[in-house]
Amino acid sequence: MRWFGFGFNAFGQIYGQDKLLEGECFENEQEVKVSSPTECTAQEDRSDCRLKTDYQIRASWSRRASLYLNGDSCVCLSGFVSNDSCGNPVKESRGCKDAIISESYLTLAFSDRLESWDLQKKETSPSWSMEIKTDPEISGTPLNLPLVPGGYIATKTPLYRSLSPHLRAKSLALSSEHAILLSASGTVYTWGLGSHGQLGHGGLTPEEEPRAVEALWGMPMSCVATGGWHSVCISDGGDLYVWGWNESGQLGLPSRGLRKATQQQISQQQEESPCRDASTSTAEEPHEEVFISIQAFPALLDITPSCEVSTVSCGCRHTAAVTTTGDLYTWGWGDYGQLGHQTLISSDEPQRVELFKEQQMRVVDVVCGAWNTFASVVKEEVAGP
């Protein structure tokens, strides 16, 4: 399994961190903005993690965490980290079962405890820890961070927040302002700020406690994800539902802001063209088009007519989805190349990342950082004659 990254790379979180001194960042646009899927550099080659090929990625705005679970499990960091930490196993992570990373904390889950380490300080002990008491009835059930026994780990202090056991939480996705929870029965709950419709309850008001998204009742969901101000989920049947802010086209719905920017770009190119012929420049008949800035209720998004969606992830203002056929589709804000279409253009329509298809690669997972995207791929098996 190989991981490819594209988008924001100022701190070398995709590739090239070995070229940077501690505290520095890339200034060349081609190195900062990676618009074509690029295989993530194996900083781990300098450590005993180099023999491990099966790993998972967690991402924040400036960092990438590679989680190795086979053998002597560990976490390796890339991006905005100290030089002595870059690519080497985080010693405190030896034996961990799961990990999540934010701009401030690295949280590690072990079989008997949880630890959160402050990434902005050099500490000899975790900022927060909790012992995990083994329940014989759920023994062997893996942790699914940020969910922890009795609650979840937030992105800011206080790190531990309690959850009602009646929710029967299965998975949880967090933004800096809101949360979306999937229950064991497939019900979706949201809470937090709702100023951009990201809670899906039809209004723009906040919710202090988890509230079921009534528009999705009767449709069991299998996956949830959240961006900066938008939310998405996948039904058991592989349908994708989206809601929240759409200013950058992150919902895959028509965005007035994007259309205006595109029209201005086309007009500018026509004016600069030396071969421009006024007689051939005919304006289209004006027609009424519906634009969506805020979608306060879940909306069904058809990515392709024949494919089901298997998993989805969100960046701050972009979205990436993997289909059951192994294709990756992206849409939304693309100024840093995070859509992977080898351009820096944003899009309010889902588009397939063609490089993987061209290289006969099948995408099996996707993880979005705030301004970048990471895709896990395997070689596509080609049937013989």
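This is a predicted model: local features need pLDDT of at least 70, side-chain atom pairs count only at pLDDT 80 or more; totals for chains, interfaces and linings use all residues.

**Salt bridges, pair by pair**

A: Asp 112 is partly exposed, at 40% relative accessibility. Its salt-bridge partner is Arg 113, with the closest N and O atoms 3.1 Å apart. Arg 113 is partly exposed too, with a relative accessible area of 31%.

That is one pair. The structure holds 10 salt bridges. Some of them share partners: Asp 327, Arg 352, Glu 354 and Lys 357 are joined that way into one network.

Now take Glu 39 and Arg 2. They form a salt bridge, and their closest N and O atoms are 2.9 Å apart. This pair links distant parts of the chain. Glu 39 sits in strand β2 (residues 33-39), while Arg 2 sits in strand β1 (residues 2-8). The two are 37 residues apart. Glu 39 has a relative accessible area of 35%, so it counts as partly exposed. Arg 2 is also partly exposed, at 37%.

Next come Arg 94 and Asp 72. Their side chains meet in a salt bridge, 3.2 Å from N to O. Arg 94 lies in the loop between β5 (74-79) and β6 (98-101). Asp 72 lies in the loop between β4 (63-68) and β5. The pair therefore ties together parts that are 22 residues apart in sequence. Arg 94 is partly exposed, with a relative accessible area of 32%. For Asp 72 the value is 43%, again partly exposed.

Note on methods
Residues are numbered from 1 along each chain as its sequence is written. Side-chain values use heavy atoms; hydrogens and water are left out. A salt bridge is a side-chain nitrogen of Lys or Arg within 4 Å of a carboxyl oxygen of Asp or Glu. Helices (H or I, at least four residues) and strands (E, at least two) are DSSP runs, numbered from the N terminus. Buried means under 20% relative accessible area, exposed over 50%, partly exposed in between (1.4 Å probe, protein chains only).
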